[in-house]
Amino acid sequence: MSRLRLVWRKTLNAIMLSLTGLAALAVVSVLFLILGYLIWNGGKSLNWDFFTKLPKPVGETGGGMANAILGSLKLLLLAALMGLPIGLLAGVYLAEFGGKTFSFVVRYTTDLLNGVPSIVIGIFAYTLVVLPVKHFSTLAGGVALGIMVIPITVRSTEEFLRAVPVTLREGAMALGASKWRTIATVVLPAASGGIITGMLLALARVAGETAPLLFTAFSNRYWSDGWEQPTASLPVMVYTYAIAPYDDWHRQAWAAGLVLLALVLLANLGTRLALGRGTVRSV
Amino acid sequence: MASISHGNNASAARLAPQVRITESSTTGSQREAPVRFQISDLNFFYGPKQALFELHLKIPANRVTALIGPSGCGKSTFLRTLNRMNDAVRNARFEGQILLDGQDIRKMDVVGLRRRVGMVFQRPNPFPKSIYDNVAYGLRINGYKGRLSELVEHSLRRAALWEEVKDYLHKSAFALSGGQQQRLCIARALAVDPEVLLLDEPCSALDPVTTAKIEELMFQLKDSCTMVIVTHNMQQAARASDFTAFMLDGKLIEHTETSKLFTTPTDPRTEAYITGRFG
């Protein structure tokens, strides 16, 4: 009986171990499957023209998505300028100053905002920025993406600030530093690696958003000057080209997807390397 | 050179406690030494819970006062009241009077108070900055305009760390060992030239050799500094302090010269604690 029990316990252990291992493998393979599929389908259409040329008119093959790449970068810049400072400061407030009730409300609202479907945020930006001037614009797209950046930045900033040991704060305060001085010169630098990573993840997350751009930044087959015209962006191009009935457009959609993913991965990897090295130097 | 001979004296005194007994009896008792902190009728509360009860004591200048007692007896709370570190603790408040050189610390600007009363914590807590910037931190936030590097060097020398770090001043403080980090934290506190140094179990995370270095350092700093040290290590209190206060359950049980407290305690609870019957 006890021997049987032992065998059963060992088997159960082996089964659970393999199950968790398989799940972990599935997680990794999803990314590599997507990446492989993108490279396989998009790699063929990826050439220098893709990065430097405008889209060709319907019916002609070739051309590129230079305007969409620049458009995506402009949208991200706007989103960063609008979302990151608000997110950072609100995160500092929650971690360092917040009272009980108000902090609870802010934290709860932030989580809700994070859960709001991106298309709803698109409608909001549409009502706020597009309707009054009656035309789509880069600015409207930036507002939509900026709103989405806020909640992610707030929560990651708060988490990383909370991870800074109390003793570090006390060390600065014991030297006569005011609370704000302590935060600015000791706490924020100590958490900076994590906070910046969180910000980049937030930007990476919105870089691929399509729905809120459809009726804010819309799209554009040409270069978009300044901030008040509609602009092309990589995710919207993927959407438009993938549902179009032309084979060449399908290939270009794959290529756009690949570029989008590569941008996000590179940004992620680059910051990790830079921060990693930075940490080694400062630690 | 002078400091080396000083150091020899220090270790001689540590090795032979009876030398210190005669020394302290010739230099006079607690009442004759100038008083740095005068604490009267101190009651401390965390919300509704009272943590300190009617503390009365005087901390003599340029001496080391050790606070001993079992965990949770209020030693750290008391220590942190002296530079108002508890101000930041929600719902914490104290009643009674604490005078620093005759001035009520409650009426003092907290920044000025903390500049005069430095603090070293249980675990080394260097800032994520270079060694140099760690020591210069207090000077910079106090708006010191002058030759920073000289003061940084001076402070590191006083903390007996200069020789070990002089070639690595711009390396991160995290590259130092635990004992070096703790001496860096002492140097950082010394940089603003405090009159008092509060040490909250500064050696509890350190090995015996490093502990000896820090005790040596405390002995040397007595010329310029009044020190109050919280310690769980009774040998350390006996070795490194001139006066010892024994606390129990938020009350001050006994406070006298260290040599007296450890040889002829007047309260049976003190005797029970120092002989290891509880705590």
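This is a predicted model: local features need pLDDT of at least 70, side-chain atom pairs count only at pLDDT 80 or more; totals for chains, interfaces and linings use all residues.
The expected span of a helix is 1.5 Å times one less than its number of residues.

**Figure 1. Chain A is built from helices.** Chain A holds 11 helices and zero strands. Read from the N terminus, its elements therefore follow the order α-α-α-α-α-α-α-α-α-α-α, and the radius of gyration of chain A is 24 Å, well over the 19 Å that the globule rule gives for 283 residues, so chain A is more spread out than a compact globule. Along the principal axes, the C-alpha atoms of chain A fill a box of roughly 65 × 65 × 40 Å. Of the 283 residues in chain A, 40% are buried. When contacts in chain A between residues at least 6 apart in sequence are considered, 72% of them join residues at least 24 apart.

**Figure 2. Helix α3 of chain A contains a kink.** Helix α3(A) covers residues 66-97, which makes 32 residues. At 1.5 Å a residue, this helix should span 46 Å, and its end C-alpha atoms lie 45 Å apart, which agrees. A kink of about 30 degrees is located at A:G83 in α3(A), shortly before the proline A:P85.

**Figure 3. A:G87 meets residues from elsewhere in chain A.** A:G87 belongs to helix α3 of chain A. This glycine counts as buried because it has 27 C-beta neighbours inside 10 Å, where 20 or more are required. Residues up to four places away in sequence aside, A:G87 touches A:V149, A:I150, A:T153, A:V154 and A:T157. One of these, A:V149, is 62 residues from A:G87 along the chain, yet the C-alpha atoms of the two are separated by 7.6 Å.

**Figure 4. A:F218 has a positive phi in a loop of chain A.** The loop between α9 (211-214) and α10 (234-242) of chain A contains A:F218. Most residues other than glycine have a negative phi. A:F218 is not a glycine, but its phi is positive, at about 55 degrees. A:F218 is buried because 21 other C-beta atoms lie within 10 Å, against a threshold of 20 or more.

**Figure 5. Chain A touches chain B through 15 of its residues.** The contact takes 15 residues from chain A and 21 residues from chain B. On the side of chain A that touches chain B, the elements giving two or more residues are α7 (166-174) and α8 (179-207) of chain A. The largest share of that side, six residues, is supplied by α7(A). By residue class, the side of chain A that touches chain B divides into nine nonpolar, four polar and two charged residues.

Figure 6. The secondary structure of chain B consists of 12 helices and 10 strands. Buried residues account for 46% of the 279 residues of chain B. Among contacts in chain B with a separation of 6 or more, 71% are between residues 24 or more positions apart.

**Figure 7. Four strands of chain B form an open antiparallel sheet.** The strands of this sheet stand in the order β2-β1-β4-β5 (chain B), and their pairing is antiparallel. Its edge strands are β2 (49-60) and β5 (103-104) of chain B, each of which pairs on one side only. Strand β1 (residues 35-46) of chain B is joined to β2(B) in the antiparallel sense over eight bridges. B:F37 has B:I59 in β2(B) as its bridge partner.

**Figure 8. Strands β6 and β7 of chain B run parallel.** Strand β6 (residues 117-120) and strand β7 (residues 196-200) of chain B are joined by four bridges and run parallel. B:M119 stands opposite B:L198 in β7(B). In a regular strand the side chains alternate between the two faces of the sheet. In β6(B), B:V117 and B:M119 point one way, while B:G118 and B:V120 point the other way, and all are buried.

**Figure 9. B:E201 has a positive phi in a loop of chain B.** B:E201 is located in the loop between β7 and α9 (208-221) of chain B. Its phi is near 45 degrees, a positive value in a residue other than glycine. B:E201 counts as buried because it has 21 C-beta neighbours inside 10 Å, where 20 or more are required.

Key. Residues are numbered from 1 along each chain as its sequence is written. Chains are lettered from A and ligands numbered from 1 in the order in which they are written. The radius of gyration is taken over C-alpha atoms; the globule rule is 2.2 Å times the number of residues to the power 0.38. A residue is buried if 20 or more other C-beta atoms lie within 10 Å of its own, exposed if 12 or fewer, and partly exposed in between; C-beta atoms are placed from the backbone. Two residues are in contact if their C-beta atoms, placed from the backbone, lie within 7 Å. Ala, Val, Leu, Ile, Met, Phe, Trp, Tyr, Cys and Pro count as nonpolar, Asp, Glu, Lys and Arg as charged, and the others, Gly among them, as polar. Two strands pair if DSSP finds at least two bridges between them. The bend at a residue is the angle between axes fitted to the seven residues ending there and the seven starting there.
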